[in-house]
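Subject: Structure for you to look at

Dear colleague,

I am passing on a structure that you have not seen before, and below it I have written down what I found when I went through it. Please read the notes with the structure open beside them.

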Amino acid sequence: MNNLTGIFREKKLKLTPQRIAVYKFLKSTKEHPSAETIYKALQPEYPTMSLATVYKALKTLVEVDLVQEINVGEGNFRYDGTVEPHPHVQCLNCGKVDDIEGITFSDLNDKVKSYTSYDIVDSKIYFYGVCSCCKNNTTPH
Ligand SMILES: [Zn+2]
Ligand SMILES: [Zn+2]
């Protein structure tokens, strides 16, 4: 964890134990957990932290761009400690979300400019498929 205090100070965020816990957890995983998953994972270490607190900490962290919120549809959100733009792939069977590494679509915003009068500021790339676990698991659900 490089200089969390510095990062938070730069964002003018108060260093609360809850925010630190949520942020550290997201930085330590590539699983793109939901708020509920984060809540459950932090329970043993932070038994007094409520799910509402986790949501609040996530909201703050998303607002200051320390955490990326991923809309996986049906009102479900996943969270990602990597805020640099990167494409995601979601399993249509089990709902798991992974990063796709080694490829960027950084020229996409430029490419799309000639097709719209909007000033493009951001884009998100999602792919959908079947993960290797689901592919190899032939037992019906
Ligand atoms: Zn799957
Ligand atoms: Zn990601």
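Ile 125 is placed in the loop that runs between helix 5 (108-112) and strand 5 (126-129), in what is, please keep in mind, a predicted model. This residue counts as partly exposed, because 14 other C-beta atoms lie within 10 Å of its own, which falls between the 12 or fewer of an exposed residue and the 20 or more of a buried one. Once residues up to four places away in sequence are set aside, Ile 125 touches Pro 87 and Phe 105. Ile 125 and Pro 85 are 40 residues apart in sequence, and their C-alpha atoms are 8.7 Å apart in space.

In helix 3 (35-42), the residues Ala 35, Ile 38 and Tyr 39 are buried. These three lie on the same side of helix 3, because the arc they cover around the axis is only 100°. In general, an α-helix has 3.6 residues a turn, so residues three or four places apart point the same way. The cover over the buried residues of helix 3 includes helix 2, helix 4 (51-63) and strand 2 (77-80). For Ile 38 in particular, the contacts beyond its neighbours within four places in sequence are Val 22, Phe 25, Pro 33, Val 54 and Tyr 79.

Most residues other than glycine have a negative phi. Lys 12, however, has a positive phi near 60°, and His 32, which is not a glycine either, has a positive phi of about 55°. Lys 12 is found in the loop between helix 1 (4-10) and helix 2 (17-28), while His 32 sits in the loop between helix 2 and helix 3. Are these two residues buried or exposed? Lys 12 counts as exposed, because it has 7 C-beta neighbours inside 10 Å, whereas His 32 is buried, because 22 other C-beta atoms lie within 10 Å.

Definitions and conventions
Residues are numbered from 1 along each chain as its sequence is written. Chains are lettered from A and ligands numbered from 1 in the order in which they are written. This is a predicted model: local features need pLDDT of at least 70, side-chain atom pairs count only at pLDDT 80 or more; totals for chains, interfaces and linings use all residues. Helices (H or I, at least four residues) and strands (E, at least two) are DSSP runs, numbered from the N terminus. The arc is that of the directions from the helix axis to the C-beta atoms. Two residues are in contact if their C-beta atoms, placed from the backbone, lie within 7 Å.
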